[in-house]
Amino acid sequence: MKFKSQKVAYYFFALSMLLLSLQIVYGFIMAFAHMGFDGLHEWIPFNAATATHKNLLVVWILSGFMGAGYFIIPDESDTELWSVPLALLQFYSFAIVGVIAVVGFHVGWFEGRKFLEIPRPLDYLVALNVILFLVILLMTMFKGKKRTTTAWVLTSGLVFAALLYLPGMIWFDNHTVDSFFRWWVVHLWVEGVWELIMGGILAYLLIKLTGVDREVIEKWLYVIVGLTFLSGILGTGHHYYFIGVPKYWLIVGGIFSALEPLAFLGMTLFAIQMYRKGNKKHPNKLAIYWTLSTAIVAFLGAGLLGLAHTLPGVNLYTHGTLVTAMHGHLAFWGAYASLVLAIISYSMPLMTGRKIYDNSIGHMAFWFSNIGMIGMTMAFAAAGVAQVYMERIVGLDFMQAQLEIEPHFFVLIIAATVFSIGITLFIINFIKFGVPVDEAIGEGEEFSALQTS
Ligand code: HEM
Ligand code: HEM
Ligand SMILES: [Fe+2]
């Protein structure tokens, strides 16, 4: 760690780990409900569980991105964070809004718009919070001595993510119009600007971990940003097929969204090439594993499994079924969850001075969680395909088809248990690091010096 103020990142990472654990609890509640064991229904009905599961996901990932911003931007700009007290204020207010939202879901205070369930009054608090976060980052960049491409890509991803939250805050009476703009948030986040955040964090990690020249890595970053915008913006059309908008969206959405996997393929080739090219590899093996797996699993979950249901002729059958859940899990896991775990694995030794780089708990955490998630994806796939067949081809009633696919959720629960063991081990390592200390300043710098010499 170069600067004392980078320690702020730790708070956000710890919150991330806490919320991830809670998210998993709600995943199990839903998986059991799908199997017919819905004993908690009176207190946590399925709609509250699913809103909580998905919003906790978004909040822990955002918390991880914020931590990454606070760790990376001072380092890249070569200066202390602009204001630590304001960053802490931003942290506590972020956590409080998150808690209110989650409690609210359990007492029926939510909007039924998938992923955007947080009620509008709370949205204003979220917006204020994010503005404060961005002001702190931008002020740090402007007072700094350097402004790197990596820092710009990461920061612009975060700024655009904040701007794109706004269309979801406007009130529309018409359901089609509301749906149209809801996708500006949901789709243009995960298949647009979050990819910039992903590109920025991956570039930073690859520069640090492989020893390849910054110029080479940053050139790739432009290619990825280009591909993302080329395909992702009009790719939004793959959510417009059947919501009541003009027919041309079938063609526009089909063509452009089918190009989207290219951006993810670019990211994978980028990471693997840079790893191969690097001749001075960092001793932090766990961070290298998570960095490479982010790029690879994102391509599988987002690119390939996205492509699997993105053409209108297929989506007509799979829309809104468990096939979507299959893709949603592996895409989020590969692209964004693993990315947060990668930056945590890289930064924790530097903030705490403890070199937990290569221990068996860390390796087991990596393999259990990845294998568990692949198993979960397969269980959702089997359930999803069976659901599509029975409900959309044979014409069984929705609830009848759900009864038929109950056994698949037993498999889901087994795979989810393997996954959860992995996450528990990751969190055990996180706790073993302890808290950041000032003595860790200068930690890791000897390796950076070695790279540039
Ligand atoms: C023990 C772990 C988990 C279990 C048992 C689990 C289970 C579930 C279940 C049963 C659903 C509802 C499916 C439906 O009926 O619509 C769901 C939804 C979802 N979960 Fe999980 N989950 C787990 C972990 C995760 C993780 C780690 C992520 C992200 C990295 C995630 C992302 C999602 C998403 C995005 C949805 C919405 C899917 C859709 O749009 O259809 N889950 N989960
Ligand atoms: C990291 C990137 C991605 C993530 C995290 C992600 C996640 C998700 C989630 C959570 C949903 C459910 C949304 C909802 O119903 O509200 C979804 C839907 C969808 N995704 Fe992705 N996705 C990603 C990339 C892609 C890509 C690259 C493609 C196409 C090649 C794609 C194709 C689709 C399609 C067609 C749907 C609609 C499914 C339906 O009709 O029910 N996704 N995605
Ligand atoms: Fe999309």
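View 1. Helices here are DSSP runs (H or I, at least four residues), numbered from the N terminus, as strands are (E, at least two). The model is predicted, so local features need pLDDT of at least 70 and side-chain atom pairs count only at pLDDT 80 or more, while totals for chains, interfaces and linings use all residues. Residues are numbered from 1 along each chain as its sequence is written, and chains are lettered from A and ligands numbered from 1 in the order in which they are written.

**View 2. Helix α6 bends at W189.** The bend is about 60°, taken as the angle between axes fitted to the seven residues ending at a residue and the seven starting there. How far apart are the end C-alpha atoms of α6? They are 49 Å apart, which agrees with the 52 Å that 36 residues should span at 1.5 Å a residue. The expected span is 1.5 Å times one less than the number of residues.

**View 3. Ligand 2 is surrounded by 26 residues.** A302, G306, G328, A331 and A335 are the closest; a residue is near a molecule or strand if its C-beta atom, placed from the backbone, lies within 6 Å of it. Two or more residues each come from α6 (175-210), α10 (285-307) and α12 (322-352). The largest share, 6 residues, belongs to α12. By class, this shell holds 10 nonpolar, 13 polar and 3 charged residues. Nonpolar means Ala, Val, Leu, Ile, Met, Phe, Trp, Tyr, Cys and Pro; charged means Asp, Glu, Lys and Arg; the others, Gly among them, are polar.

**View 4. Ligand 1 has 20 residues around it.** The nearest are G27, M30, A325, G328 and A416. The elements giving two or more residues are α1 (8-34), α2 (46-77), α12 and α15 (406-433). Here too α12 gives the largest share, 7 residues. The shell divides into 11 nonpolar, 8 polar and 1 charged.

**View 5. Helices α1 and α2 pack against each other.** Their axes come within 8 Å and cross at roughly 160°. Axes are lines fitted to C-alpha atoms, for helices over the stretch in contact, and angles run from 0 to 180 degrees between N-to-C directions. α1 and α2 are therefore roughly antiparallel to each other, a term for angles over 145 degrees. The residues of this contact divide into 21 nonpolar, 9 polar and no charged.

Conventions
Angles under 35 degrees count as roughly parallel, over 145 as roughly antiparallel, 65 to 115 as roughly perpendicular and the rest as oblique.
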